[in-house]
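Reader: I want to learn how to read charged side chains in a model. Where do we start?

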Amino acid sequence: MPSPTRRTVLAGALVLTARGARAAAPLRVVASSVPHSEILEFVTRTLAPGFPLKLIETSGDIRPNALLRDGDADANFFQHAPFLHAEEAQLGVTFAVVAAVHIEPLGIYSRRVTTLAAVPQGASVALPNNVTNFSRGLKLLQESGLIRLRPGGDGAFATARDVAENPKSLRFVEVAAAQLPRSLDDVSLAVINGNYALETGLVPARDALALERAEGNPYANVLVTTQALAKDERILRLAALLTSAEVARFMRDRYRGSVIPVRTT
């Protein structure tokens, strides 16, 4: 029968072996194709060629936070913190945010008008159909002078009921966020997330009639993992790489203001 000291040594060896095996295993990260996957590919191609990363691109039938909760992924990189918190409430779990990486300014786009002043009476406006981004879209419409939200209605989750003034009698249409670029032929305006705009060939810094301000923007996209993996050395290394000066330079050079790094230097 092994002595207590022997059992302690064996237990320690098993822990070290498990840690070593986990460190060598590929880190499964769910990410949207643009810009998140492109940023991750830059990291593994240019900055850390040996980094053990398995990239899983999102699609319409994938809920990255559910995959993370269920153990089918180790991290995800596609969302901002307000969206994450709404998902946590729905899924009944609390995740860990390990890095804030970049901002994708929400934009107002149109194929029917070239300026916001030309928006006609009764125009239809497509907005994301999830609570956080619908609220975010209303705030952008307010900042652009198209509506006014009631006092207090420009808080975390403004809804259509919070619109106090709507001088152009805009009609709000809720559309799945990924489908918003395709809605441009059917509506006067569409409020589109930066990643979906980029995926369909729109250049937010060039094509948007209005963009969110980057300064003080609470919608930074974040690297998210589980509480159990928050201190995992692979997660911490990836977080450091994503917030490095090299990645910030890559984002500025590639996306020209359409994706703005949180890191300023």
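Author: Start with a term. A polar contact is a pair of N or O atoms within 3.5 Å. This is a predicted model. Here, the side chains of glutamate 104 and histidine 36 make a polar contact of 3.1 Å.

Reader: Where does glutamate 104 sit?

Author: Glutamate 104 lies in the loop between β4 (96-103) and β5 (107-109). Its contacts beyond four places in sequence include Pro35, His36, Arg136 and Glu212.

Reader: How many salt bridges does the structure hold?

Author: There are 10. One of them joins arginine 150 and aspartate 162, with the closest N and O atoms 2.6 Å apart. Both residues are in the loop between β7 and β8, 12 residues apart. Arginine 150 is partly exposed at 40% relative accessibility, while aspartate 162 is buried at 8%.

Reader: Which residue forms a salt bridge with arginine 111?

Author: Aspartate 185, at 3.0 Å between the closest N and O atoms. Arginine 111 is in the loop between β5 and β6 (124-128), and aspartate 185 is in the loop between β9 (171-175) and β10 (189-192), so the pair ties together parts 74 residues apart in sequence. Both arginine 111 and aspartate 185 are exposed.

Technical notes
Residues are numbered from 1 along each chain as its sequence is written. This is a predicted model: local features need pLDDT of at least 70, side-chain atom pairs count only at pLDDT 80 or more; totals for chains, interfaces and linings use all residues. Side-chain values use heavy atoms; hydrogens and water are left out. Helices (H or I, at least four residues) and strands (E, at least two) are DSSP runs, numbered from the N terminus. A polar contact is a pair of N or O atoms within 3.5 Å; within protein, one must be able to donate a hydrogen and the other to accept it, and residues adjacent in sequence count only if both atoms are side-chain atoms. Contact means heavy atoms within 4.5 Å. A salt bridge is a side-chain nitrogen of Lys or Arg within 4 Å of a carboxyl oxygen of Asp or Glu. Buried means under 20% relative accessible area, exposed over 50%, partly exposed in between (1.4 Å probe, protein chains only).
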